[in-house]
Amino acid sequence: MKHIHHLLAYVLILACACTKDLGNYDYDYDKAPKLIIDTIGVDRTSLWSVWNIGDTVRFAPNVTYPGREGNLVYRWFIMDYPYRTVAEGNAQVWPKPDTISRERALEYVVDLAPGRWVSLGFMAKDTVNGVAEFLVYSYKAIPNAGALSGLYCLQEKDGRLDIDVIGSSRALIFSNFHEVDYYSSLHPGDPLEGEPLLFNYSSAGGYFYIFTSAAGLRVHPSSMAIMERWGDMFYQTPAAYAPQAVVGVNRCDFLVNDGKLHVHYIQTTGERKFSVPIPGNYSLAPYLATSTIASWGAVAGAINAYQILYDNNTRAFRPFFNKGVSLGQFSETIPEALFDVNNIDGEIIYANTVNSGETMIIARRDDGYHMQVACFYNVVDNGNLARYTKSLAGCAGIEQATCFASGLAGPALFYGSGNAVYSYSYTTGQTTSKLLWQGETGDQISALQLIGTGGFPTGGRILWIAVWNEAARSGRLVEFEINPVSGEAEALYAPMFSGIPDNPVYHEGLGKIHFMTINM
């Protein structure tokens with residue numbers, strides 16, 4: 001017999017627990033003591049802090065099993081994140097996790113491949129009756145040697161372009177630091193030039209993409225070493241240099257350039273090359289999904305596209321599947337749907353993957369601004385992929401918004417308009433925006449960035465606001481802990497674990513930040 005239950009503990013952000021009875025025997029299960037693993041009163045810092053190679057990770061969860069502790073054996077294990085099946089001959093199999101300890105108290109010297117994303121798991125098992133309890137605590141990336149974990153800010157300062165890197169202990173996974181002019185200090189003879197166009201970190205490849213009007217670069221986190229320039233990134237260099245969006249997901253890098261999709265299959269090609277444009281009569285908006293395939297609890301028959309795109313020509317969302325040679329199409333939308341994902345009304349000014357896999361769009365129409373939310377993640381395409389449609393008539397300054405932020409942790413949208421940042425959540429029933437922060441006269445919000453979700457309490461909860469004052473020729477960062485559901489400021493986990501109660505926190509001495517991205 002089997003008994004399976006799942007535990008979701010928010011303080012751990014990602015935790016799955018299972019109790020399994022694996023033996024063939026005769027006993028009264030209901031009268032047997034319950035095997036419990038918890039972390040009550042245990043310092044969990046090592047679970048979400050950065051694991052640098054050579055660091056020693058120490059952690060000991062509480063294990064309760066009255067009267068039968070002597071029967072227990074333990075196992076700590078590492079799995080790739082996301083944990084997915086791999087091809088073995090003609091079959092798809094689950095790869096075996098790597099065992100790193102067989103003691104209850106973990107003491108592990110980090111010895112993992114740089115750039116690898118992993119989950120940490122723990123098992124306690126009764127060797128007599130087979131009862132076992134599992135916990136998967138967190139997931140994280142192993143930093144490359146010489147790389148900084150923090151917020152990377154592409155900015156104009158003193159008439160030049162450069163990158164500063166900022167850490168904050170309130171984010172829990174970074175230390176406090178500010179590396180000024182980080183890029184130019186490593187490349188004194190080869191500075192960044194031109195106007196900033198795009199800047200993002202690919203978690204799939206483990207490197208940065210920096211696109212300016214003068215050059216396109218793929219840069220390694222270790223000492224920001226230039227790996228390839230624009231022409232070297234492709235099997236066939238595109239005729240036009242017009243990068244619009246780049247994202248790493250599903251072991252691929254996806255690039256939208258001049259309205260066309262290029263794909264780099266990271267783990268199946270020996271060269272770091274993007275494909276020729278995927279053929280077809282389409283023109284893509286600068287949107288790329290950041291989550292499309294479920295790692296846990298996958299629904300049978302789900303869409304499972306490798307990427308979701310928006311085609312301006314047809315005003316439709318379109319899927320792209322693994323090794324595809326063209327863009328796909330979703331099923332015909334049923335009449336009962338809230339809106340048609342194959343025929344979006346209005347001009348899309350913002351789109352992002354939010355709230356555990358839903359797709360949010362902001363569309364400008366003749367009658368104003370509207371939000372629509374669809375879901376292409378872990379669902380069957382039954383012709384009804386629409387979830388919400390909301391008028392944004394009550395959102396202050398939305399017409400003048402210059403930057404947006406949202407994320408997988410919740411349904412809240414943040415937008416900068418003038419010298420203020422507002423929030424709006426599509427699940428709370430609100431009809432008006434909420435003012436989160438307002439600067440001084442002359443301030444202008446130039447960029448917004450949310451920290452990603454992950455196995456740490458502040459995952460998805462730290463918002464950075466880049467502020468520029470043209471008259472003063474000075475910039476700064478405003479750092480909030482927010483509630484990703486309501487969109488309100490909420491200093492909850494940051495002060496609890498970092499000991500810094502302030503909300504917000506200010507970082508001074510910056511230029512005009514155009515883009516921010518995070519290397520965790």
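**Cysteines, rings and sheets in a predicted model**

Colleague: Is C403 buried or exposed?

Modeller: C403 is buried, with a relative accessible area of 8%. Keep in mind that this is a predicted model.

Colleague: OK. And C153, buried or exposed?

Modeller: C153 is buried too, and its relative accessible area comes out at 0%.

Colleague: How many disulfides does the structure hold?

Modeller: The count is 0 disulfides.

Colleague: What about it from the C403 side?

Modeller: For the sulfur of C403, the closest cysteine sulfur is the one in C153, at 13 Å, so that is again too far for a bond.

Colleague: Switching to the whole chain. How many helices and strands are there?

Modeller: The protein chain has 3 helices and 36 strands.

Colleague: What does the radius of gyration say?

Modeller: It is 24 Å for the protein chain, and a compact globule of 520 residues would be near 24 Å, so the two agree. As for the box, the C-alpha atoms fill roughly 75 × 55 × 50 Å along the principal axes.

Colleague: How many of the 520 residues count as buried?

Modeller: It's 54% of the 520 residues in the protein chain. Strand β10 (residues 117-126) is a mostly covered element, with 9 of its 10 residues buried.

Colleague: Which strand does β10 pair with?

Modeller: β10 pairs with strand β5 (residues 72-80), in the antiparallel sense and over 9 bridges. One spot to look at is D80, whose bridge partner in β10 is V118.

Colleague: Remind me, what do strands of a sheet pair through?

Modeller: Backbone hydrogen bonds, and the pairing is either parallel or antiparallel.

Colleague: Now rings. How many aromatic pairs are there?

Modeller: The count comes to 24 aromatic pairs. One of them is Y152 with Y182, an edge-to-face pair at 6.3 Å centre to centre, with 75 degrees between the planes.

Colleague: Where in the chain do Y152 and Y182 sit?

Modeller: Y152 is in strand β12 (residues 150-157) and Y182 is in helix α2 (residues 182-186). The two are 30 residues apart, and the pair links distant parts of the chain.

Colleague: Are Y152 and Y182 buried or exposed?

Modeller: Y152 is buried, and Y182 is as well.

Colleague: Where do W230 and Y241 lie?

Modeller: Both W230 and Y241 lie in the loop between β18 (226-229) and β19 (243-249), so their pair ties together parts 11 residues apart in sequence. W230 is buried, at a relative accessible area of 10%, whereas Y241 counts as partly exposed at 30% relative accessibility.

Colleague: Which ring has the charged end of K260 over it?

Modeller: That would be the ring of Y282, and the charged end of K260 sits 4.1 Å from its centre. Then there's K323, which lies over the face of Y265 at 5.4 Å from the ring centre.

Colleague: Back to sheets. In what order do β19, β20 and β21 come?

Modeller: The order is β19-β20-β21, in an open sheet with antiparallel pairing. β19 and β21 (260-265) are the edge strands, each pairing on one side only. From one strand to the next, the twist averages 15 degrees.

Colleague: How many bridges between β20 and β21?

Modeller: Strand β20 (residues 252-257) pairs with β21 over 6 bridges, in the antiparallel sense. V256 stands opposite L261 in β21.

Colleague: And which strands form the 4-strand open sheet?

Modeller: It runs β24-β25-β26-β27, with antiparallel pairing. β24 (347-354) and β27 (386-391) stand at the edges with a single partner strand each, so one side of each has no neighbour in the sheet. The twist there averages 15 degrees from one strand to the next.

Colleague: How many bridges join β25 and β26?

Modeller: Strand β25 (residues 358-365) and strand β26 (residues 368-375) pair over 8 bridges, in the antiparallel sense. R365 stands opposite G368 in β26.

Methods
Residues numbered from 1 in each chain as written. Predicted model: local features only at pLDDT ≥ 70, side-chain atom pairs only at ≥ 80, totals over all residues. Heavy atoms only, no water. Disulfide = S-S within 2.5 Å. Buried < 20%, exposed > 50% of the residue type's maximum accessible area, 1.4 Å probe, protein only. Phe/Tyr/Trp six-rings, centres within 6.5 Å; stacked < 30°, edge-to-face > 60°. Lys NZ or Arg CZ within 6 Å of the ring centre and 35° of its normal. Pairing = 2+ DSSP bridges. Axes fitted to C-alpha atoms, helices over the stretch in contact; angles between N-to-C directions. Rg over C-alpha atoms; globule rule 2.2 N^0.38 Å.
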